[in-house]
Amino acid sequence: MSDQLLEKAARYVREARRVVVFTGAGVSAESGVPTFRGGGNTAVWRGMPATELSSAELLERDAVTVWEWFEYRRGILAGLSPNPAHYALAEAEKRYDDFLLVTQNVDGLHQRAGSTKIIELHGNIWRGRPFGSSKTVPLPETPLPEIPPKGPNGEVLRPDVVLFGEMLPAGAFEEAATVAASCDVCLVVGTSALVYPAARIPEIASAAGAAVIEINPEETRFSDFADVSLRGPAGEIVPKLFAKS
């Protein structure tokens, strides 16, 4: 990453009034969160692929196995902490009256770092909700006292996470898309942009005339239309970007 590119990106950020940040698994991977789908492969747990373990179909017929899989993941996350990228983005939101962080991650690390203006497109692994309901129940402890966990009224809960085969939460994408369509700058951090419809957020911002700044160690499908592509780890580049702006 050249100083010239970083300065160009910092100028966009410095002059912006409305900012949208779109984050993916790469941000959390720097904190030690397994991606489970990295490199085009799918992790296997108890002989089953992660895509099946995190599927609506398996939840319907075997909620216990799905919850045991999520408990395995929650156990990993419990020992991890936000990294400098999470903290820099949490500080950045204080600079702007119009700021939104849109994340595909379900680990809650952005909130732990202090982010408050956030849309979780795929939910949060530290919450559950009753089947057929949008009302969420905090599940901060791990291991859970029982599987499946139950809500305050004894109702069986499912993970408050978008599973394979499910739609995004009602209104989440629409709200993010509306804000993206009016932003000045869209930061795309740590995502390969392969998961739709979430990946449309930067596309919407770009089509509306926003400057798109990509931060990723590798080239992605966003690289061709980004105004600036900064190559390197988010934990290193994001703090530098806001320090210069």
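Ala, Val, Leu, Ile, Met, Phe, Trp, Tyr, Cys and Pro are counted here as nonpolar, Asp, Glu, Lys and Arg as charged, and the other residues, including Gly, as polar. The model shown in these views is predicted.

**View 1. Lining of the second largest pocket.** By residue class, the lining consists of eight nonpolar, five charged and four polar residues. At least two lining residues are supplied by each of β5, β6 (123–130) and β8 (157–161). Strand β6 contributes the largest share of the lining, with three residues.

**View 2. The open six-stranded parallel sheet.** The strands of this open sheet follow the order β5-β4-β1-β9-β10-β11, and their pairing is parallel. At the edges lie β5 (118–120) and β11 (228–231), each of which pairs on one side only. On average, neighbouring strands of the sheet are turned by 15 degrees against each other, direction ignored. In general, the strands of a sheet pair through backbone hydrogen bonds, in either a parallel or an antiparallel manner.

**View 3. Strand β9 and its pairing with β1 and β10.** Strand β1 (residues 18–23) is joined to β9 by five bridges in the parallel sense. Within this pairing, Val19 stands opposite Val185 of β9. Strands β9 and β10 also run parallel, and five bridges join them. The bridge partner of Val188 in β10 is Glu214.

**View 4. Burial of both faces of β9.** In a regular strand, side chains alternate between the two faces of the sheet. What covers the count of buried residues in strand β9 (residues 185–189)? Five of the five residues of β9 are buried, and the strand is mostly covered. Val185, Leu187 and Val189 are buried on one side of β9, and Cys186 and Val188 are buried on the other, so that both faces are covered, because buried means under 20% relative accessible area.

View 5. Four bridges connect strand β10 (residues 211–216) with β11, and the two strands pair in the parallel sense. Asn216 has Arg231 of β11 as its bridge partner. Strand β11 is one of the edge strands of the sheet and pairs on one side only.

View 6. Asn105 is located in the loop between β4 (98–103) and α7 (109–113). The relative accessible area of Asn105 is 8%, and the residue is therefore classed as buried, the cut-off being under 20%.

**View 7. Ser245 and its polar contacts.** Ser245 is placed in the segment after α10 (234–244). The side chain of Ser245 makes a polar contact of 3.1 Å with the side chain of Arg95. The Ser245 side chain also reaches the backbone oxygen of Leu241, at 3.1 Å.

**View 8. The loop between β7 and β8, with Pro148 and Gly154.** Pro148 lies in the loop between β7 and β8. The peptide bond that joins Ile147 and Pro148 is cis, and omega is about -5 degrees. Gly154 is found in the loop between β7 (137–138) and β8. With a relative accessible area of 42%, Gly154 is partly exposed, because this value falls between the 20% and 50% cut-offs. The C-alpha atoms of Gly154 and Arg14 are separated by 51 Å, and the two residues are 140 residues apart along the chain.

**View 9. The cis peptide bond between Tyr196 and Pro197.** Pro197 is placed in the loop between β9 and α9 (200–207). The peptide bond from Tyr196 to Pro197 is cis, and its omega is near 10 degrees. Most peptide bonds are trans.

**View 10. Arg46 and its positive phi.** Arg46 is found in the loop between β2 (44–45) and β3 (48–49). Although Arg46 is not a glycine, its phi is positive, at about 55 degrees. Most residues other than glycine have a negative phi. The relative accessible area of Arg46 is 58%, and this residue is exposed because the value is over 50%.

Methods
Residues numbered from 1 in each chain as written. Predicted model: local features only at pLDDT ≥ 70, side-chain atom pairs only at ≥ 80, totals over all residues. Heavy atoms only, no water. Pairing = 2+ DSSP bridges. Axes fitted to C-alpha atoms, helices over the stretch in contact; angles between N-to-C directions. Buried < 20%, exposed > 50% of the residue type's maximum accessible area, 1.4 Å probe, protein only. Polar contact = N/O pair within 3.5 Å; in protein donor to acceptor, adjacent residues only side chain to side chain.
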